[in-house]
Every structure is written in C-alpha cells, then in structure tokens.
Amino acid sequence: MSFFVAIHQEAWPDRLDTLLGTIRQNLAAAATLHPGRRAARLFQRFGQPTHLLGLSEWVDEQSFEQLRQSPEFHQLNDTCGMPPRIETLEPLRRFERMEQRVAIASCVRIVAPPVYDRDVQEFLLSHAHHGVKSMSGLVSREVYRVRHRPGEFLALRSWTSLADLERFRAGEGTGFDATLIQLGATVERFTGALAAELSLLHR
C-alpha cells in the first residue's frame, strides 16, 4: 500500500532559489536517489513564495524514512529555512484526469470538532466530491485524513488554471465553506502554483 506525505516548508528568502533548485534536481534524479518515491508535487504559495507545500507518494513508509533520515535532507532543511512540518496522510478518496496537467493547487486544511468528525468526513467524500468533480479545469481532487490528529483533514484540488479555481470558488465553493462552518469546522487555505513535479505519466 502506498504511503502519502505532506511537507510544509518556510524557506528563508535568500535561500529560496537554492532550496527550489535542489528539490528539482532531486526529483529529476528520483529513480536513482530515491526509487521508492512514486510521485511528488511541490507548490509555491501565491503572495508568499517562501511558503512551500509538498505532497508525495511512496512505495512504503520505509522508503520515505530513508529520505527523512538522510544527512542530505537534514542539511538542506537546516541551511535553507525553518524546520519543515511533516504530516503522514491516510488517503480517503482520489480522483484524477490523467490526461491533463496541473498548474494550480488549492489545499484546504479542515479541523472538525470531535462530535462532527464523521459528518465532516462524509461531506468531504460525498456531496463535496460530486459537486466539484464535474467542474471544467479540474485535474484532480484528493481527500486525506491527517494521521495521529483526530478530526484533521486535507482536501487538495488541482486545476489547469487560476481562472478555473476562481470560477469554482464563486460557485460551488461557497456551499462548501457554508457546510463546514455549520459543522463547526475551521478551515485554513493554501493556494499555490506548481513549482516542481515528479510524475510517472509526464516524465
């Protein structure tokens, strides 16, 4: 079974180019350096380019831990920014149009109160999913539960353009927010452009 990871990084401004360049080089050489890494995407936040969000899929947890414990990983993070926040994820639902390319991502962190944990999950997997998957410009939608953090979810939507995302937010997206608020959940958003990618399909 695949192992999924989210990494949140805040780079120092004068080290951002070094961090991005090294990540891109590592992804380009993934087959040799880390053959257990199946796919990876790195997004750079709009308006705050030093804030990075990486999502990766691994063959298993051991493959990721080999990267996490490597001297190169620690040295890069120590010299380029604040210590990253690493979250392991349990996939709940994934939908992807393989023939389209990702340009923009909207990642929503949802924290539900314990009493509404299952209601929020059901909403994310049913109504919210069916409401967005037919939208023009949607490349993928992924829903994860953050491991070891009860009530915490990540919902990632990838788009071909910012215009497609804005169209969704002005339409179906308003109902998405309203329902989560009614369920007592808090929402934190990340919107960013694709900065690096490892994809078996698009190599």
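The structure holds 15 salt bridges, a salt bridge being a side-chain nitrogen of Lys or Arg within 4 Å of a carboxyl oxygen of Asp or Glu. The model is predicted, so local features need pLDDT of at least 70 and side-chain atom pairs count only at pLDDT 80 or more, while totals for chains, interfaces and linings use all residues. Residues are numbered from 1 along each chain as its sequence is written, and side-chain values use heavy atoms, with hydrogens and water left out.

Helices (H or I, at least four residues) and strands (E, at least two) are DSSP runs, numbered from the N terminus. Glutamate 152 is buried, at 12% relative accessible area, and arginine 109 is buried as well, at 8%. Here, buried means under 20% relative accessible area, exposed means over 50%, and partly exposed lies in between (1.4 Å probe, protein chains only).

Arginine 109 also forms a salt bridge with glutamate 188, where the closest N and O atoms are 3.9 Å apart. This second pair links distant parts of the chain, with glutamate 188 in strand S8 (residues 186-198) and arginine 109 in strand S5, 79 residues apart. Glutamate 188 is partly exposed, with a relative accessible area of 45%. These residues belong to a network of salt bridges that links Arg85, Glu87, Arg109, Arg149, Glu152 and Glu188.

Arginine 167 is partly exposed at 46% relative accessibility, whereas aspartate 164 is buried at 8%.

The strands can be followed next. A closed barrel of 8 strands runs in the order S1-S3-S2-S8-S5-S7-S6-S4, with antiparallel pairing. From one strand to the next, the twist averages 30°; axes are lines fitted to C-alpha atoms, for helices over the stretch in contact, and angles run from 0 to 180 degrees between N-to-C directions. Two strands count as paired if DSSP finds at least two bridges between them.

S1 pairs with strand S4 (residues 85-96) in the antiparallel sense over 5 bridges, and valine 5 stands opposite threonine 88 in S4. S4 is in turn joined to S6 by 7 bridges, the two running antiparallel, with phenylalanine 95 opposite arginine 141 in S6. Strand S6 (residues 138-146) is mostly covered, as 9 of its 9 residues are buried. S6 and S7 form an antiparallel pair over 7 bridges, in which serine 140 stands opposite serine 158 in S7. The hairpin of S6 and S7 has 5 residues between the strands, and histidine 148 there takes a positive phi near 70°.

Strand S8 has partners too. S5 and S8 pair in the antiparallel sense over 8 bridges, and the bridge partner of cysteine 107 in S8 is phenylalanine 190. S2 and S8 run antiparallel and are joined by 6 bridges, with leucine 42 opposite alanine 196 in S8.

On a 1 Å grid over the protein atoms alone, a cavity is a set of points where a 1.4 Å probe fits but cannot get out, and a pocket is an open set with protein on both sides within 12 Å along at least five of seven lines; lining residues have an atom within 4 Å of a point. Grid points are joined across faces, edges and corners, and a volume is the space filled by probe spheres set on the points.

The largest pocket contains about 470 Å³ of space. Its lining has 22 residues, of which Ile23, Asn26, Arg37, Leu67 and Phe73 lie nearest the centre. By type, the lining divides into 11 nonpolar, 8 polar and 3 charged residues (Ala, Val, Leu, Ile, Met, Phe, Trp, Tyr, Cys and Pro count as nonpolar, Asp, Glu, Lys and Arg as charged, and the others, Gly among them, as polar).

The structure also holds 1 cavity of 30 Å³ or more, with about 40 Å³ of space in the largest cavity. Gln9, Glu10, Ala11, Leu19, Asn77, Cys80, Gly81 and Met82 line the largest cavity.
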